[in-house]
Amino acid sequence: GVLGVAVIGTGKMGADHVRRLHHVISGARVTAVVDVDGERSKALADTLDGCTAYTEAAVALAAEDVDAVLIASPGPAHEAALLEALGRDLPILCEKPLTPDAASALRVLEAEQRLGHRRLQVGFMRRYDAEYVKLKQLLDGGELGRALMMHHRHRNPSMPSWFTTEMLISDSVVHEMDVTRWLLDQEITAVTVLKPTPSSLAPEGMSDPQLVLFETESGALVDVEIFGHCGYGYQVWAEAVCERGVVGIGDEHGPRLSADGRWGGRVTPDYIERFEDAYDRQVRAWVDATRRGEVTGPSAWDGYAAAAVCEAGVRAQREGRRVGVDLIERPDFYR
Ligand code: NAD
Ligand code: ISE
């Protein structure tokens with residue numbers, strides 16, 4: 001039957017996922033919306049047939065018409081919602097980051113393992129973006145040989161007022177941590193963060209932009225430019241330098257126009273537009289798998305591994321030195 005979904009957190013991403021579940025994807029409907037801001041969830045529920053607004057996740061998840069949970073509250077609120085949903089053995093799609101640090105991510109891994117089956121997909125949606133998927137296919141194909149280096153650029157026009165220097169790592173670069181692990185099919189072993197003189201357009205006290213360097217198990221070097229206040233638009237770019245060729249994505253988000261003696265194109269304004277297709281495919285894959293009784297996509301292990309790299313990254317940023325990543329051995333459950 002149709003999957004009844006509770007959406008926890010009805011801010012920018014939560015509201016967009018509600019729209020997607022209702023208007024883009026078939027097989028699911030939003031039966032509950034939860035937000036600590038009761039007026040916000042109520043206003044959203046009023047626009048949907050058969051949807052109830054709640055202020056507490058525990059109450060919403062006990063409702064009879066809730067079969068699955070999409071978590072889109074801020075990262076620090078994820079652990080409580082995840083443990084509540086896992087306690088009820090409900091299928092979950094949880095926005096990135098799984099949790100903000102490795103210890104809380106481990107508690108989530110343990111709770112899922114206690115169930116004896118996987119229930120959780122993490123919202124690392126770049127794995128569903130058509131350009132990243134092509135890059136992955138080329139790297140997996142083997143003709144290019146081993147990846148020696150990767151270069152990433154991740155630019156946001158601006159960040160919300162509550163955004164911090166640490167969040168540039170734990171909330172933004174977490175995407176490059178996940179795609180790097182996924183594209184190169186190996187773990188990140190160490191992180192270094194370098195900070196140029198900040199842009200005068202960044203908020204007072206924020207170290208923006210930053211240059212982040214990952215080392216990986218096979219000895220590849222991966223750099224990430226993270227820029228939170230580039231001003232001009234939203235751009236994500238990646239290039240893998242391999243033994244027998246170089247492959248990149250990010251420039252083709254066209255169209256490229258030549259007219260009046262100039263050539264150029266438009267830059268997407270935000271992630272909502274740049275990754276619209278990826279969010280759609282991600283949520284569709286989750287709904288379809290859940291209805292088949294399966295769990296696919298990035299796992300809680302991927303969420304934990306990224307959290308461990310974030311933790312090393314935030315320490316590297318604070319202490320101004322290279323910090324090794326501390327990972328537990330991967331449980332067979334996640335192999
Ligand atoms: P937001 O601030 O716009 O919305 C968060 C909402 O959650 C707010 O309405 C807030 O009142 C509510 N909330 C706070 N604590 C809560 C709790 N304990 N229970 C229920 N509701 C609670 O934030 P956002 O930008 O929508 O981000 C939400 C999540 O989505 C974060 O995990 C963020 O990292 C992630 N995100 C992912 C992407 C992506 O590209 N995949 C992009 C942006 C944000
Ligand atoms: C935001 O939370 C996201 O997930 C976006 O995809 C990312 O580009 C941005 O930097 C994050 O803050």
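## Ligand 2 and its pocket

Ligand 2 takes up the space of the largest pocket. A pocket is an open set of points on a 1 Å grid over the protein atoms alone, with protein on both sides within 12 Å along at least five of seven lines; a molecule sits in it if more than half of its atoms lie within 2 Å of its grid points.

## Basis of the model

This is a predicted model, in which local features need pLDDT of at least 70 and side-chain atom pairs count only at pLDDT 80 or more, while totals for chains, interfaces and linings use all residues. Residues are numbered from 1 along each chain, chains are lettered from A and ligands numbered from 1 in the order written, and side-chain values use heavy atoms, without hydrogens and water.

## Shell and polar contacts

The residues around ligand 2 (a heavy atom within 4 Å) include Lys96, His154, Met159, Phe163, Asp171 and Tyr271. Helix α7 (residues 165-184) contributes the most to this shell, with 3 residues.

Polar contacts are pairs of N or O atoms within 3.5 Å. Oxygen atoms of ligand 2 lie 2.6 Å from a polar side-chain atom of Tyr234, 2.7 Å from a side-chain N or O atom of His175 and 3.1 Å from a polar side-chain atom of Asn156. The protein buries 89% of the 300 Å² that ligand 2 exposes when taken alone (Shrake-Rupley method, 1.4 Å probe).

## The sheet

An open, mixed sheet of 7 strands runs in the order β12-β11-β7-β10-β9-β8-β15. Strands β7 (residues 147-155) and β11 (residues 235-242) pair antiparallel over 8 bridges; pairing requires at least two DSSP bridges. Arg153 stands opposite Trp237 in β11.

Conventions
A polar contact is a pair of N or O atoms within 3.5 Å; within protein, one must be able to donate a hydrogen and the other to accept it, and residues adjacent in sequence count only if both atoms are side-chain atoms. On a 1 Å grid over the protein atoms alone, a cavity is a set of points where a 1.4 Å probe fits but cannot get out, and a pocket is an open set with protein on both sides within 12 Å along at least five of seven lines; lining residues have an atom within 4 Å of a point. Helices (H or I, at least four residues) and strands (E, at least two) are DSSP runs, numbered from the N terminus.
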